[in-house]
Amino acid sequence: MSDYMFMLESHLSADQARVVSEIQGAATHANMNVFLTGGAMRDMLGGFPILDIDFTVEGNALKLLPAITKKSGAKVLWEDDNRKLAALVFPSGVKATLGMARQEKYPQPGAKPAVRPASIHEDLRGRDFTINSIALSLNPASRGLLLDPNNGVGDLERKELRAVSNYTLYDDPVRLLRLLRLKVRLGFNIDERTKMQYDNAREAQLETRIPREDLLEELRHIANEPNCADVVHLLDQEKLLNLYSSALEGAKLNMPGLQKLQKARQTVPFGVDIHLESMGIFLYFLTEKMPPKESAAFIKRIGLTKREIEQWQKLETRSKSLEKSLKSAKLQKPSLVYSLLSKAAGDQVLFLLAHSSERLVHDRIKNYLQKYLPAAQEVTEADVVAAGGKPGTPKFQKVREDLILTRLDARPKKVPPPVVAGAPGAAAPAPAMARK
Ligand code: ATP
Ligand code: MG
């Protein structure tokens, strides 16, 4: 097995690995070349958590959708027919994008690009930043081959964000926002030439050419960032928030609220998925101090979906009954807290953690996120089989749930002290960057 395939397998969760093999199977069956690309490659090579898996196929990616959805039960979240790009969510909650390898020509900054099918090499040369333009072949003949025409691996090692070309930020100005978001997310520096390109683009007010739908999509990305408050803070410093609303500038911006949300998000341990729909809760804190008139104008301008507006505006009311149940004196056992919160919507759980003034509510949510959920994830398929659950049957979930509840209540109160790093028997920390 190639080093990179090995790295991939050790980096993906079991559910993500299943998605990779399903997509790979569908592409092979259709005789199309498929590659792992984008953020998934950047995050794997950089040692960051993989949030969603980006696949690129040489050929019309949308043609693979019927076979994939039928076989795996995945749902298509959206489709972009121009770019032949779709986003999918699998029954396990794993998210992926599947797109056609393409070349995009921008007649003017921010204009709709002319798209044509291209080879994976051409596609990588047209991406935004070098660290986002690495591909891994998943094809039987070249499985594990790394394609890195812009030396993204070198920039990952240097921790630098470098534009792929001198026109990167001009062609598609939403990349101005992507650059700042990635800088915050990864803590990387912006390389000098890219910084010059950024300054020139800002001088020419290229940000005003970002299409409305790109602004919205970028806001969704920001909402999804665990450190969304830091991203908003940088956009504020860069005077870019007025692209969304003049009521979000300077002192009018609800930074303390966003900080609370960020703190709550960071309470969720790495690898624990609370199936969060992040846009509504993000908008709640972003706009908490916004006067109703400005808020209405913001909604109109940005073009949110009905669901997003509802998730945002009904969040406080929706969370009330969960708060009441969480305060109940009956909720003494961990299993009861787990049962209640594992059925609750992720945004309500985070909202109460960030917003509730009840100590008990906080403590119970913290225990759930930091103790009970990780403990539940330790229950393996083999454990469930040993307890009489047959994989693929409805009973399986029930047996799993019962096993989790029993284990939670049986857990010893005192957890043994963590193994001190460097002590005999302590695991070596994972290298931030595996060698080639
Ligand atoms: P995340 O981890 O947030 O998903 P990502 O880098 O994967 O980050 P996506 O929006 O999923 O972001 O995009 C996938 C890939 O597609 C990017 O890594 C990049 O290679 C490419 N891409 C996305 N948007 C653009 C753009 N506006 N211009 C050029 N390339 C883009
Ligand atoms: Mg991605």
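I call a residue buried under 20% relative accessible area, exposed over 50% and partly exposed in between, with a 1.4 Å probe and protein chains only. By that cut-off, 47% of the 436 residues of the protein are buried.

The model is predicted, so I noted the limits: local features need pLDDT of at least 70, side-chain atom pairs count only at pLDDT 80 or more, and totals for chains, interfaces and linings use all residues. Residues are numbered from 1 along each chain as its sequence is written, chains are lettered from A and ligands numbered from 1 in the order written, and side-chain values use heavy atoms, leaving out hydrogens and water.

**Fold.** I looked up the secondary structure as DSSP runs, numbered from the N terminus: helices (H or I, at least four residues) and strands (E, at least two). The protein has 21 helices and 11 strands.

**Aromatic pairs.** I paired rings of Phe, Tyr and Trp (its six-membered ring) with centres within 6.5 Å; planes under 30 degrees apart are stacked, over 60 edge-to-face, the rest tilted. I got 6 aromatic pairs. The Phe285 and Phe351 rings have centres 6.0 Å apart and planes at 40°, so this pair is tilted. Phe285 sits in helix H13 (residues 278–286) and Phe351 in helix H18 (residues 346–355), so the pair ties together parts 66 residues apart in sequence. Both Phe285 and Phe351 are buried.

I then checked Phe298 and Trp312: centres 6.3 Å apart, planes at 70°, so the pair is edge-to-face. Phe298 is in helix H14 (residues 292–302) and Trp312 in helix H15 (residues 306–313), 14 residues apart. Phe298 and Trp312 are buried.

**Cluster.** I found Tyr284, Phe285 and Phe351 in one aromatic cluster.
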